[in-house]
Amino acid sequence: MSGRGAWLRARARLRRFPAALAACGDQAAAYGRCVAAAAAGPAELRRDACLREFQALRECFARAVRRCPG
């Protein structure tokens, strides 16, 4: 098995990332606001504090990558 093939597939996925991020700006902003609000207080940031927002962002990325050619 060639390491070069894995590298080429990874690079192809990374090239699609900016388009996926642009398509999911609202979800990314909502997740960022949630994390910032959860981390702002004196308490530690807890796991799954922003799970709903993260899942929405992840689903949006998955849809965007399926639509994006290449």
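Buried here means under 20% relative accessible area, exposed means over 50%, and partly exposed lies in between, computed with a 1.4 Å probe on protein chains only. By that criterion Cys50, at 7% relative accessibility, counts as buried.

The model is predicted, so local features need pLDDT of at least 70 and side-chain atom pairs count only at pLDDT 80 or more, whereas totals for chains, interfaces and linings use all residues. Residues are numbered from 1 along each chain as its sequence is written, and side-chain values use heavy atoms, with hydrogens and water left out.

The structure holds two disulfides, a disulfide being a pair of cysteine sulfur atoms within 2.5 Å. When the bonded cysteines of the protein chain are numbered in sequence order, the pairing is 1-4, 2-3.

| Disulfide | S to S | Angle about the S-S bond |
|---|---|---|
| Cys24 and Cys60 | 2.1 Å | -95°, left-handed |
| Cys34 and Cys50 | 2.0 Å | -90°, left-handed |

The disulfide of Cys24 and Cys60 links distant parts of the chain, 36 residues apart, with Cys24 in the loop between helix H1 (3-23) and helix H2 (25-40) and Cys60 in helix H3 (residues 51-67). Helices (H or I, at least four residues) and strands (E, at least two) are DSSP runs, numbered from the N terminus. Cys24 is buried at a relative accessible area of 0%, and Cys60 is buried at 4%.

In the disulfide of Cys34 and Cys50, Cys34 lies in helix H2 and Cys50 in the loop between H2 and H3, so the pair ties together parts that are 16 residues apart in sequence. Cys34 is buried, with a relative accessible area of 16%.
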